[in-house]
Protein chains: 2
Amino acid sequence: MTTAPFDFTPLLPAGLPSAASRWTGRPKYDFTGGNNDPDALPLDGLVAAADAVLRREGRTLSTYGLDSGPQGYRALRDFLAVKLKRDAGMNCSADDILITSGSLQGLDLVNHTLLERGDTVLIEEDCYQGSINRLLRLGVTPVGIPLDREGMRIDALEAALAGLKAKGLRPKYIYTIPTVQNPSATVMPLARRTALLKLAADFGVPVFEDDCYADLTWSGHRPPALYGLSDHGNVIYIGSFSKTIAPALRVGYLVAPWSVMSRMLAIKTDAGSGALEQMVLAEYCTAHFTRHLPLLRKALRAKAVTLMESLREDFGAAAEFDDPQGGIFLWVKLSDGVDALKLYKAARGADVAINPGPEWSVNGAHARSRLRLCFANLSHEEINQGVAALAEVCRKEFGVPG
Amino acid sequence: MTTAPFDFTPLLPAGLPSAASRWTGRPKYDFTGGNNDPDALPLDGLVAAADAVLRREGRTLSTYGLDSGPQGYRALRDFLAVKLKRDAGMNCSADDILITSGSLQGLDLVNHTLLERGDTVLIEEDCYQGSINRLLRLGVTPVGIPLDREGMRIDALEAALAGLKAKGLRPKYIYTIPTVQNPSATVMPLARRTALLKLAADFGVPVFEDDCYADLTWSGHRPPALYGLSDHGNVIYIGSFSKTIAPALRVGYLVAPWSVMSRMLAIKTDAGSGALEQMVLAEYCTAHFTRHLPLLRKALRAKAVTLMESLREDFGAAAEFDDPQGGIFLWVKLSDGVDALKLYKAARGADVAINPGPEWSVNGAHARSRLRLCFANLSHEEINQGVAALAEVCRKEFGVPG
């Protein structure tokens with residue numbers, strides 16, 4: 001007997017996002033997503049680490065949490081405590097660190113612990129799409145703070161804080177990616193970090209610091225994290241191995257005072273994050289992280305240069321951008337006539353994928369002709385060809401470049 | 001300058017669960033949690049699988065989703081399509097399967113897609129704590145359906161459905177663990193499965209089938225899954241590798257019609273589940289799963305027997321239980337005078353952890369003197385010693401056993 005398929009539609013609550021489409025594969029020239037350089041993946045090291053750690057400790061996989069408890073594999077937290085002290089000036093111990101399933105779970109844990117419908121948060125005007133979308137889905141208002149070449153503008157932040165205070169509103173946090181900001185790739189200097197923290201303290205608003213790209217400055221140096229500069233525990237910090245080792249591993253980390261960490265742990269009801277990935281990362285990174293990073297940075301820098309050269313060649317003056325200070329993406333401003341959302345759609349026809357600016361900003365007008373181009377996953381040749389293909393589409397659609 | 005630590009309390013929304021306590025390690029005799037038998041973990045096979053799959057395909061780790069798209073690693077979904085057809089009578093392809101971060105993420109995806117505050121669902125009266133707690137946190141009413149030795153009672157299910165219909169209420173789903181029910185370890189026979197599906201169809205209520213323990217029947221045989229028996233796509237199915245391979249891996253799977261799968265995919269905003277674990281599982285299971293399972297079942301059965309013998313020896317007639325049909329836990333009824341919640345607290349002092357019945361039931365009175373004892377992770381000797389220690393505590397607290 002065949003009956004009509006069951007109709008789930010009447011059972012769905014209001015406000016669900018639209019249905020996903022079937023996945024049809026990646027486009028040939030994919031300038032989107034945080035994918036990394038496959039040639040810079042430390043594959044031999046990961047293979048050796050997997051072998052060593054599994055033979056030594058694999059039996060603990062039969063236990064949820066690997067005998068390390070709900071905050072994650074102890075050896076990985078020990079590595080992170082050392083790394084965060086050395087690289088980011090953070091004084092924290094393994095007990096202050098929670099391993100998460102990617103930094104995205106960290107975003108969710110912070111949001112679900114602090115936010116409710118109707119809340120307001122401050123956020124860099126051009127910002128990571130995943131952070132913006134999460135806020136909108138929760139019914140939270142993201143107030144955008146404009147950026148300049150040193151990151152979030154402190155005068156604008158102060159004005160926004162004062163304006164909200166005048167209205168009796170206390171924002172739930174100031175969200176910032178101070179080190180290799182996404183998408184602008186700026187690095188906030190020390191003086192501005194201090195000023196930001198002073199404003200946060202004065203207005204009684206905590207800081208939510210997203211440090212996912214901080215290991216990828218070209219120089220290998222970076223100012224201390226806000227978490228490390230604060231002296232009264234008002235910063236929640238997240239980081240990730242996605243950009244330094246491999247995005248598919250889905251391992252991130254969260255550092256926070258116990259008063260709020262203990263609330264986040266209570267809503268982390270996933271029975272722990274993936275143990276095998278934590279074990280392999282701890283084993284590999286404890287021995288090799290500091291040797292791996294310079295090779296990765298060098299590979300990424302070379303691709304950033306290739307992308308900038310391709311843009312100059314194919315777009316000329318129609319594409320403006322600052323030389324990024326690190327990372328895996330370039331934030332590009334095209335001529336005012338270009339509608340990046342339309343360009344995004346037209347480019348798909350040429351097998352080119354880009355991130356249109358309005359999806360990476362809370363200010364649609366400001367971002368209208370901007371786009372984010374990720375360069376890590378493509379080869380140098382693909383970058384050249386992809387930019388040429390994009391220029392051709394853009395010329396056909398908008399007469400730009402002329 | 002030292003300032004007072006920042007106070008997050010005024011920023012927390014109402015309704016958050018209580019703060020978590022610091023983890024202080026596992027008790028000596030831990031009869032809780034879905035931990036598995038460390039001696040039955042196929043460690044050599046997993047080590048070899050990790051080596052082989054990483055050397056062959058490791059470069060894809062540099063890409064979110066491993067070039068397999070958002071539904072998860074293709075080779076693992078291909079394995080599952082074959083396995084689910086062979087073992088559970090399910091006709092599904094890789095396109096119908098979503099890999100999740102443990103079956104717990106599957107629970108969350110189903111709940112967040114179908115439920116909203118004020119909804120009602122039907123659920124086995126004694127049931128997995130994680131499922132009950134998720135419903136309560138969402139403000140959803142779980143209506144408990146009593147169990148007998150064949151699982152959820154169909155007469156009671158029909159009465160509940162009719163009663164709700166009379167009140168104008170359409171429950172969002174019927175949640176059931178039909179094969180090795182948690183905690184009763186019953187297996188629902190085929191005839192009752194057919195009857196359950198007929199009721200679900202008649203009342204227009206979908207079925208949510210949790211099949212996490214189904215590979216662990218002692219016989220190695222099990223009736224077809226409800227998903228496989230339904231002919232009009234009203235069943236959502238979840239499964240897991242936690243009980244068959246290793247709980248710390250955090251890999252589960254969800255099978256559902258595209259009409260509802262596409263809505264769940266839209267809220268799975270985690271950039272994919274852990275790739276390394278998916279790759280290792282696919283590599284190992286495709287070659288070895290069917291050879292591994294009988295060894296695991298045999299080890300678990302032996303421990304179940306040890307636990308039942310220990311209980312008979314130390315509790316005598318004060319402990320009643322049915323011989324479980326599979327799995328990793330035993331559902332025990334102690335004499336009426338025993339308050340399982342009090343026993344749970346007292347036992348902690350003797351380094352024994354148990355799951356008190358009221359936490360595994362929506363009927364506190366019915367479950368008052370019951371407890372769930374997980375036996376997979378302890379050695380035979382630890383089972384003997386742990387039960388003896390528990391009996392001593394119980395005697396001191398309640399005069400039971402006499």
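Two strands pair if DSSP finds at least two bridges between them. Strands here, labelled E, are DSSP runs of at least two residues, helices (H or I) are runs of at least four, and both are numbered from the N terminus.

Some housekeeping. This is a predicted model, in which local features need pLDDT of at least 70 and side-chain atom pairs count only at pLDDT 80 or more, while totals for chains, interfaces and linings use all residues. Residues are numbered from 1 along each chain as its sequence is written, and chains are lettered from A and ligands numbered from 1 in the order in which they are written.

I start with the sheet in chain B. It is open, has seven strands with mixed pairing, and its order is E2-E10-E9-E8-E7-E3-E4. Strand E2 (97–100) and strand E4 (141–145) of chain B are the edges, each pairing on one side only. On average, neighbouring strands are turned by 20° against each other, direction ignored; axes are lines fitted to C-alpha atoms, for helices over the stretch in contact, and angles run from 0 to 180 degrees between N-to-C directions.

E2(B) runs antiparallel to strand E10 (residues 252–255) of chain B, and four bridges join them. Within E10(B), B:Leu254 is the residue opposite B:Leu98. Helix H5 (residues 154–166) of chain B packs on the sheet, where it touches strand E3 (120–124) and E4 of chain B, and its direction makes about 145° with that of E4(B). Contact means C-beta atoms, placed from the backbone, within 7 Å.

Now chain A. Strand E3 (residues 120–124) of chain A has four of its five residues buried, that is, with 20 or more other C-beta atoms within 10 Å of their own, against 12 or fewer for exposed and in between for partly exposed, C-beta atoms being placed from the backbone. E3(A) is joined by five bridges to strand E4 (residues 141–145) of chain A, and the two run parallel. A:Glu124 faces A:Ile145 in E4(A).

Also in chain A, the axes of helix H10 (residues 340–348) and helix H11 (residues 380–398) come within 10 Å and cross at roughly 120°. That makes H10(A) oblique to H11(A): under 35 degrees is roughly parallel, over 145 roughly antiparallel, 65 to 115 roughly perpendicular, and the rest oblique.

Last, the interface. In chain B, 83 residues are in contact with 83 residues of chain A. Among the elements giving two or more residues to the chain B side is helix H9 (275–315) of chain B.

Methods:
Contact = placed C-beta atoms within 7 Å.
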